[in-house]
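These are my notebook entries on one structure. I set down each item as I looked it up.

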Amino acid sequence: HAADAHRTDLMTITRFVLNEQSKYPESRGDFTILLNHIVLGCKFVCSSVNKAGLAKLIGLAGEINIQGEEQKKLDVLSNEVFIKALVSSGRTCTLSRKKMKMQLLWSPQSVEVFDPLDGSSNIDCGVSIGTIFGIYMVKDDHEPTLADVLQPGKQMVAAGYCMYGSSCTLVLSTGKGVNGFTLDPSLGEFILTHPDIRIPKKGKIYSVNEGNAKNFDGPTAKYVENCKFPKDGSPSKSLRYIGSMVADVHRTLLYGGTFMYPADKKSPSGKLRVLYEVFPMSFLMENAGGQAFTGKQRALDLVPTKIHDRSPIFLGSYDDIEEIKALYAAEG
Ligand code: AHM
């Protein structure tokens, strides 16, 4: 609509979340504050990602800058930014840091799990990368412990990702649908651009690292074969694989189809991490009307035993995941 080009009623992500929250009189506003700090972290990383190529070109990377500090790598920088933003939200008091890549932060009310820069091997060639996050609430009656994090994904209260691509897009679910916001760089605000995202019931795309095909298990190999040589006379599917989970999942949410990181003979648990890759993305998929399956069960029913646990994952359009489930069921 022509009028849309001059929209003046801007639904920012903060306004959106405040609207949502006002429906719950018992809410204390903690989530809004927390989310604001996540959003700030995303804006900072977005601006750094955009500058990364330039910084490299003019020879800043790996060199000593004016303050005498060594130029930080983008993933290290993103990590620090999110920790500082979340700690300064005042809603987070302790943090556990096992490994640079992933963070757990907890507060009296909530636990956040996140992967500050997923797909970072793609930075140097300018392919989209992203931040993934998930939030659990913990009970007020005790100091949070590791057990508060090792909960099934279905206990998450919110999850999302921010994709640093041709535009910067933040996709969020608080358990009632999925909404997408695009950063307007001139305003510095995320504006609602993708209200109520619903994944198509069936898709025309499959997405998997087919280079691992010689190690695929039976059902995965059969599914991929069916995508290429459908037995029911339907057209074959297109293969799209970026190798950056946020970008592959984002396309799957919008266009439909499947995204898979299956188990294989070399890595029986697949590659992707349960807490901060599999759970948040599965939470979004289900909230958009799709499904997420591990090859054995609904992904959100998994109970992690360690914070860096991995799991095979098949997620995407409802009907396509049904097909994969049927292949696993037939396998017994
Ligand atoms: P990373 O931990 O090195 O960032 O790996 C995570 C990434 C995901 O973004 C992506 O889905 C997957 O690894 C791709 O793996 P592969 O290169 O084995 O296909």
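How many bridges join strand β11 to β13, and do these strands run parallel or antiparallel? I found four bridges between β11 (residues 258-261) and β13, and the two strands run antiparallel. Strands here are DSSP runs of E with at least two residues, helices are runs of H or I with at least four, and both are numbered from the N terminus. I take two strands as paired if DSSP finds at least two bridges between them.

**Entry: basis of the model.** I note that the model is predicted: local features need pLDDT of at least 70 and side-chain atom pairs count only at pLDDT 80 or more, whereas totals for chains, interfaces and linings use all residues. Residue numbers start from 1 along each chain as its sequence is written.

**Entry: the chain overall.** I count seven helices and 13 strands in the protein chain. Of its 332 residues, 43% are buried. A residue is called buried if 20 or more other C-beta atoms lie within 10 Å of its own, exposed if 12 or fewer do, and partly exposed in between, with C-beta atoms placed from the backbone.

**Entry: the sheet around β13.** Strand β12 (residues 291-293) is joined to β13 by three bridges, in the antiparallel sense. I then checked single positions. G316 in β13 is the bridge partner of T258, and G316 is also the bridge partner of Q291. A292 stands opposite L315 in β13. Both faces of β13 (residues 313-316) are covered: I313 and L315 are buried on one side, F314 and G316 on the other.

**Entry: the nonpolar core.** Such a core is a set of buried Ala, Val, Leu, Ile, Met, Phe, Trp, Tyr and Cys residues joined through C-beta atoms within 7 Å. I find 77 residues in the largest one, and those with the most contacts inside it include V246, I313 and L315. Helix α2 gives the largest share of this core, 10 residues. For V246 I list contacts (C-beta atoms, placed from the backbone, within 7 Å) with residues including D118, G119 and Y161, leaving out residues up to four places away in sequence.

**Entry: helix α6 and the position after it.** Why is α6 (residues 274-287) described as largely enclosed by the rest of the structure? I find 14 of its 14 residues buried, so the description applies. G289 follows α6 and has a positive phi, near 95°.

**Entry: G29.** I located G29 in the loop between α1 (13-21) and α2 (30-57). G29 is exposed because 12 other C-beta atoms lie within 10 Å. Between G29 and S173 I noted 144 residues in sequence and 17 Å in space, C-alpha to C-alpha.

Terms used: Contact = placed C-beta atoms within 7 Å.
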